[in-house]
Amino acid sequence: MFAQSVLAESNSLYVGDMIFYIVSLVILMLLVKKFAWGPVVKMMQDRADKIANDIDSAETSREEATKLAEKRESELQNSRSEAATIVGNAKQSGESQRTQIITTAQNEAQALKENGQHDAEQAREDALKSAKDDVANLSIEIASKIIHKELSASDQKALIDSYIEGLGKE
Amino acid sequence: MGGDAYTFKLFGLMFNWTNVLSGLAVFAIVFFLLFWLSRKLTMKPTGKQNVLEWFVDFTNGIVQGQMPAEFAPRYSFLGFFLFIFIFVANQFGLILQFGWGGHELLRSPTADPVITMTLSFSIMVLTHFVGVAQKGIFKYLKGYVKPYALLLPINLFEEFGNFLTLGLRLFGNIYAGELLMKMIAGLALPDGHLSLGVIYALPLSVLWQGFSVFIGAIQAYVFVTLTSVYISHKIAEE
């Protein structure tokens, strides 16, 4: 193929070369832009965006974490005071219950005691009453028995004496 | 201009085989290198993705350093592409030079003034275009008579000088590097056969190649920096 080629005419300008280079450089530029420059610049841009986003989201999550910590702190405080209130309430109600129970028990005991006294009084009265009746009956019986019998003077005197004595005792 | 390269004519235009083949090789290397580097991109970069991202960051840094922040993203791809292309083109001739029948076929495309001037011409056209697009034709033209109308010829000459120096600086550095490489190779192979000269030509060649890698990187950096400066100069409000 070189056989037909002319050797350079020393003083002519290779206009063909110039056009060839300009055209092929433009083509090469387009190819490089499409296949190499475009993807790599896009990737670098994506990475820059991602890093920026990551920094932003790190900032946001840091703030969120701080907020959460504060919230947790205040909730802890709340629950602490709540617990204190609960314990206080429980103490108070325990105290009042205790007082109530004691009062009730005292009242009951008082009532029981009164009942007992009352019962005892009643029983004593009953016993006294029945004893009186018995004594009366017995006296009547004794009197009737004595009356049925012949009273001697001394017996009569003794009887009267005892009667008078009894009167004096009354 | 080229001298002794193979050429062919197509549609009445003169083509130089060396430039066409070297250019195609560099285009292919640039494309497949970047294509390979940009596969399997992940959010957490590993391995080759780091390399590519480092390049992107590096060229973004160059562009951002030279123009107002609001314009920088628009031209960062231009900076990236120019840097990679010129860097690969500069190194290409150091790794591989191929000739056939006494004529070169493969070398750094940037060692040819036609190519570097084409690049510089495209950049200058671009700067004027974005200048007009950004500020409007009136303000753009007014830029030539600032700060005094008297400076118009100097401003015009500056534009022309920018165009020339941008291309010729790159060409000169790379061409000189390759020329010296060839001369060192000539020490080892004076008449096409290996000679004792290889004993001192080899370490010299290693040294010079290392230095040329450095030069190639610097020139790519300078080219991108100046491109950013020129664009920024045209679009920024004073």
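**Exercise 1. In which handedness of crossing does helix 2 of chain B pass helix 3 of chain B?**

Before we start: this is a predicted model, in which local features need pLDDT of at least 70 and side-chain atom pairs count only at pLDDT 80 or more, while totals for chains, interfaces and linings use all residues. Residues are numbered from 1 along each chain as its sequence is written, chains are lettered from A and ligands numbered from 1 in the order in which they are written, and side-chain values use heavy atoms, with hydrogens and water left out.

*Solution.*

Step 1. Find the pair: helix 2 covers residues 48-66 of chain B and helix 3 covers residues 72-95 of chain B. Helices here are DSSP runs (H or I, at least four residues), and strands are runs of E of at least two, numbered from the N terminus.

Step 2. The two pack at an angle of about 120 degrees, with their axes 8 Å apart. Axes are lines fitted to C-alpha atoms, for helices over the stretch in contact, and angles run from 0 to 180 degrees between N-to-C directions.

Step 3. That angle makes helix 2 of chain B oblique to helix 3 of chain B (under 35 degrees is roughly parallel, over 145 roughly antiparallel, 65 to 115 roughly perpendicular, the rest oblique).

Step 4. Helix 2 of chain B passes helix 3 of chain B in a right-handed crossing, meaning that the near helix is turned clockwise from the far one by less than a right angle.

**Exercise 2. Describe how helix 3 of chain B and helix 7 of chain B are arranged.**

*Solution.*

Step 1. Helix 7 spans residues 198-235 of chain B; its axis and that of helix 3 of chain B come within 9 Å and cross at roughly 155 degrees.

Step 2. Helix 3 of chain B and helix 7 of chain B are therefore roughly antiparallel to each other.

Step 3. Helix 3 of chain B passes helix 7 of chain B in a right-handed crossing.

**Exercise 3. Is Leu166(B) buried or exposed?**

*Solution.*

Step 1. Locate Leu166(B) in helix 6 (residues 152-188) of chain B.

Step 2. Leu166(B) has a relative accessible area of 1%, so it is buried (buried is under 20%, exposed over 50%, partly exposed in between, with a 1.4 Å probe and protein chains only).

Step 3. Leaving out residues up to four places away in sequence, Leu166(B) touches Ser120(B), Ile123(B), Phe223(B), Leu226(B) and Tyr230(B); contact means heavy atoms within 4.5 Å.

**Exercise 4. What pattern does chain A follow along the sequence?**

*Solution.*

Step 1. Chain A has two helices and one strand.

Step 2. Along the sequence, chain A reads β-α-α.
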